[in-house]
Amino acid sequence: MVNGLLLKIYGTLVLIGLVMGNFTMCAAAAPGQSPNIIIIISDDQGYADLSIHGCKDFRTPHLDALAAGGVRCSNAYVTAPVCSPSRAGLLSGRGQQRFGHYLNVGGDAGLPVAVKTIGDRMKNLGYTTGAFGKWHLGYRDQFYPTHRGFDYFYGFRGGSHGYFGGKMERNGTRVDEKEYLTDAIARETIAFIRDKKDQPFLIYCAFNAPHTPLQAKKEDLKKHAGIKDGNRRTYAAMITNMDDNIGKIIAAVRDEGLEENTLIFFLSDNGGMPSRYSDNSPLRGSKGTTWEGGVRVPFLVSWKGVLPAGKVHDDIVSTLDILPTSILAGGGQIDPAWKLEGVNLLPLLKGPAKSGSERTLFWHWHPDRLGIRKGSKKVVWMPSKESKESKPGLYDLDADIAESKDLSETQKDILDDLIKTYETWDKDNIDPLWGSYGKKIEPKAKSK
C-alpha cells in the first residue's frame, strides 16, 4: 500500500469533506462596503523567527501589534514546503497538485493559464488588484501577474533576488531599483494604497525577505550587534527590516482611514531553513520537508472591529482558506464549479478558540515526502538517514508538536485509516506538468 503511494508524484495540502455551508456562514458585505484585502507574505521565515512565537534574539514589534489587534492562528499550514507550489495553492484556492504544479518553476513552466487566481476572482467583484515583490509562478509573459488577474505589478518574476540594487519590473517595464529591496516593495505597496484608497483593492505583497542571499543594511545590522553569529545577525536584520516595513504598510492603511475596512493576512510561504540561520523550534524539520517545520507557518489575521483582538485560534487553518474568505468578505459567491478547497475563516475566527471540529489536510510535494493530518493525528512519509525508503510514521501533534514519538506500531488502526484517506484524496490529482527546472515530464497513465 505504501509503495503504491510513493509512486504518486509530489504534493500539496488541501481540505477534504468540504461542505459548501462553510462558505456561506458569513453574510456578504453590504453594497459599497467591500473591505480591502491585504495579503502579506514573508519568504522562508522560520516558525520561531518572530517574537510572538518565542524568538529570543530579536523582536518583531509590528507583527506583534498585528497579532494583538487580530487573531493568531496557532495551527496554520501552507500547501507545500517550498515556494512556488505553496503560492500556487494560496492564489488559486485549490490544492496545486490538482493542476500539476508540484515543484518550483523554471524554463517554460508556470501556474497553468487556465487556473484562476485570487486576482481574477476579486477583479470580478470590482476590486482593483496589485501584486508586489516576488512572483515565482512563471517567467514567460503568459504567466505574468498582469495576465493573471492583477492590474498592477512591481517586483521580479523569479524565486530569489539580491537586496541592493538590480533590475525590477513595473507592469512589464524594466526599472533600475536603487533602494534596499524590502524597502522598495513596501514603498510601492504604500503608494498603491494611497492611490486606490477610494475603491476596494486587493494587495498581494510578497516580500522575498528573509530568503537568501543574506544581505542587510548597515543600520539594521547595528541594531543586532549583540547577536554573535554574523549570518544570524544578518538574518535577524532582514526580518526586522521587513517588520518595520509591514508597520509602515499598516500605518498607511490607518492614516487613510481604512483600518476598519481592511482585512489583513500575514504568513510565511513555508518553513525556514536552519542551514540559512532560521529557527523552526519547537517544530521538527525545515523547508523541503513534510515535518511540521516545513509546512506549519506563522499566520495572522486582522480586521479591526470585525475580528476579535488578541485572540489565539487553535483550530487547523490553511492558506487555501484565504481566497474563499476574501470572496465572501467582498460580497461574492462561491461557484461549486471552481472546486475551491478551503473554508470561510471569518465565522471560525469569531468563534471558540478551539471548536473540536476536525479538518483533514494533505501534502504530496515529492514522491518520498508526503503527509496527512486529521485532527491531532499526522502521518509523515520522509526518507531517513538509515534508509532511502520513506516509511509512514504516525504522530499526535496535540501531545507531541515536535513529532518525536512514532505511534505507528501501537496505533496501526489509525495509521491504516489515514493511509486509506490519503489514497482516496490522491486519486483526483494529476501528474506533474514539469520537473524541478521546467523539464517536461511525460504524462503517466493517470490523467484528469
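**Pockets in the predicted model**

The lining of the second largest pocket divides into ten nonpolar, five polar and three charged residues. Here Ala, Val, Leu, Ile, Met, Phe, Trp, Tyr, Cys and Pro count as nonpolar, Asp, Glu, Lys and Arg as charged, and the others, Gly among them, as polar. The structure is a predicted model, in which local features need pLDDT of at least 70, side-chain atom pairs count only at pLDDT 80 or more, and totals for chains, interfaces and linings use all residues. Residues are numbered from 1 along each chain as its sequence is written, and side-chain values use heavy atoms, without hydrogens and water.

The second largest pocket holds about 270 Å³ of space. A pocket is an open set of points on a 1 Å grid over the protein atoms alone, where a 1.4 Å probe fits, with protein on both sides within 12 Å along at least five of seven lines; lining residues have an atom within 4 Å of a point. Its volume is the space filled by probe spheres set on the points, which are joined across faces, edges and corners. The second largest pocket is lined by 18 residues, and A65, I250, R254, E259 and S302 lie closest to its centre. Two or more lining residues come from each of α2 (61-68), α7 (230-255) and β8 (262-268). Helices (H or I, at least four residues) and strands (E, at least two) are DSSP runs, numbered from the N terminus. The top contributor is α7, with five residues.

The largest pocket has a volume of about 340 Å³. Among its 15 lining residues, R284, W291, M382, P383 and S384 are closest to the centre. β13 (377-382) and β14 (391-396) each give two or more residues to this lining. The largest share, four residues, comes from β14. By class, the lining of the largest pocket has six nonpolar, four polar and five charged residues.
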